[in-house]
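Hello,

Here is the structure you asked about. Please open it first, then read my notes below.

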Amino acid sequence: MSTTLPTEVRALDGLPFDNRFTRDLPADTEVSLRRRQVHGAAFSRQEPTPTAAPRTIAWSPEVAELLGLDPEVCASDDFAAVFAGSRVPAGADPFAACYGGHQFGNWAGQLGDGRAIALGEITTPRAGHQTLQLKGAGPTPYSRTADGRAVLRSSVREFLCSEAMHHLGVPTTRALSLVATGDLVVRDVLYDGNPKPEPGAVVCRVAPSFTRFGTFQLPASRDDVELLRELVAFTIRTDFPHLGDDGATPLADLVPTWFAEVGRRTAETVVHWMRVGFVHGVLNTDNLSILGLTIDYGPYGWLESFDPGWTPNTTDAGQRRYRYGTQPQVVHWNLLQLANALAHLVTDVEPLQRALDAYGEAYQVGFEAMMAERLGWGAWQDGDRELVDQLFEAMQATETDQVLFFRDLASVPVAADATDDDRLAALADAFYAPAELVGDVRATVATWLRAWAERVRTGGVTDDAERRRTMDAVNPRYVLRNYLAQEAIDAAEAGDESLVLELLDVLRTPYAEQPGRERFAAKRPEWARHRVGCSMLSCSS
Ligand code: AMP
Ligand code: MG
């Protein structure tokens, strides 16, 4: 590893690669595209497949800076070529990772990177090692019957959402670039027998590592304890170096401590999802990051009207396993599957069990602190649970936009002599059907607001300016509303990519009021209610 880190990379052949994953872990002995079960290996070497006409649509200035990339490099033709997978830069060691996973509750066996190809890891000036991974870069041994490609619409969604989540303060993989490939990709959007060609694209994802729960599950499922041990030791050494500092603790003793930290990080991320109204859509164990990052943006969605039962994923419409309100529980289930895999490495499973329980506690504590903060209550108090439950009921009494409700709550008067009318007026924009705010519905909402105000006055943040400031810092004005992403996709597919760039920019400061950009904070228009891509998304991408 080089000791002097470059602050500016001026040519992509100067990227400071330090490929720990492919250097330190066992490789598949076969190098070919033959679809196969890969045993005893963490990855298969595989170069991206060149594309017809790479053209950069967008890149993230923050990620470029994180990587030390000179902006001129990002504007170059070579950038498009490299991040579409058409040219492999010097020092890269492209590979597809091998992993398995539970999909929708069932063990699916080997999955692996079927269309993501990592170029390798680079050392960065400020963010340690970062893996550069091209999603949609062509087939790999793990592609099964699929083509290894990604369409523009899903790539726009992944690119924008990764960066939006980061700016919202949610742990996530990042996105450096969105590059059109110039190739057409055939997809059947609703799996209803209507395949059609769509423009292809590649997103360069960036994260310290892309290791998933399923990375450990696969060798465990095959009783390959040696590979499992190597993967765990590598992950602790590279991604959790503080745990193995002394180098003397046996792995079996590190495993529960490490697993507990994975659980804590994951709990923190789920609390953020619940705060911002993010529904992942496909919380399979291959889509959970060992670093607790939000990973694999597929048929995700943003909760607009508050409904704990909502999932955007039509592929999950029957079972609705991955709806908004059950995310904390399904993640717990996923952690249990990881614990089962790790049990191969310990003699006593009790510490793993305790660590699993700690996830539940960490989630609960995190959720309570988060809710108290966003409601202007300061710290969580006894009795708040009931008020929060009543809030969730009130928000379902009539269709309520959860983003606008929480944001505008900061403007609701808390004075004891304020009237119901005063309080409801501040929230007028949050209701999809204002005419329904009469009778019992109105009483339910008004009663809750009265109780909320009283709670603010007793132990909450009573200074109006201070309360607004603290609430605004956790209740975003701008999120990647489903219809906004779809509008950007519709325009991009028609040749106008400016909305992608504008959304990227709006979402850089989601907690600030952005005068002139109010339209990006508007609640879902009627046309988007049942539109494919807005309220309905499939896994087709
Ligand atoms: P996902 O539902 O995106 O988490 O993907 C599940 C598995 O299917 C992973 O192994 C993916 O790499 C693979 N996969 C998804 N789409 C494609 C595709 N177009 N080509 C090849 N593999 C794919
Ligand atoms: Mg996945």
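The shell around ligand 1 holds two nonpolar, six polar and eight charged residues. Here Ala, Val, Leu, Ile, Met, Phe, Trp, Tyr, Cys and Pro count as nonpolar, Asp, Glu, Lys and Arg as charged, and the others, Gly among them, as polar. This is a predicted model, where local features need pLDDT of at least 70, side-chain atom pairs need 80 or more, and totals for chains, interfaces and linings use all residues. Residues are numbered from 1 along each chain as written, chains are lettered from A and ligands numbered from 1 in written order, and side-chain values use heavy atoms, without hydrogens and water.

Which residues come nearest to ligand 1? Of the 16 around it (a heavy atom within 4 Å), they are Gly112, Gly114, Arg144, Gly148 and Asn287.

Now the polar contacts (pairs of N or O atoms within 3.5 Å).

- A polar backbone atom of Gly114 is 2.6 Å from an oxygen atom of ligand 1.
- Arg144 places a polar side-chain atom 2.8 Å from an oxygen atom of ligand 1.
- A polar backbone atom of Arg149 is 3.2 Å from a nitrogen atom of ligand 1.

On its own, ligand 1 has 480 Å² of accessible area (Shrake-Rupley method, 1.4 Å probe), and the protein covers 81% of that.

Where does ligand 1 lie? Both domain 1 (12–212) and domain 2 (214–373) give residues to its shell, so ligand 1 lies between them. The bounds come from an automatic or database domain assignment. The centres of these two domains, over C-alpha atoms, are 22 Å apart. Their contact (heavy atoms within 4.5 Å) takes 43 residues from domain 1 and 49 residues from domain 2.

Best wishes

Terms used
A polar contact is a pair of N or O atoms within 3.5 Å; within protein, one must be able to donate a hydrogen and the other to accept it, and residues adjacent in sequence count only if both atoms are side-chain atoms.
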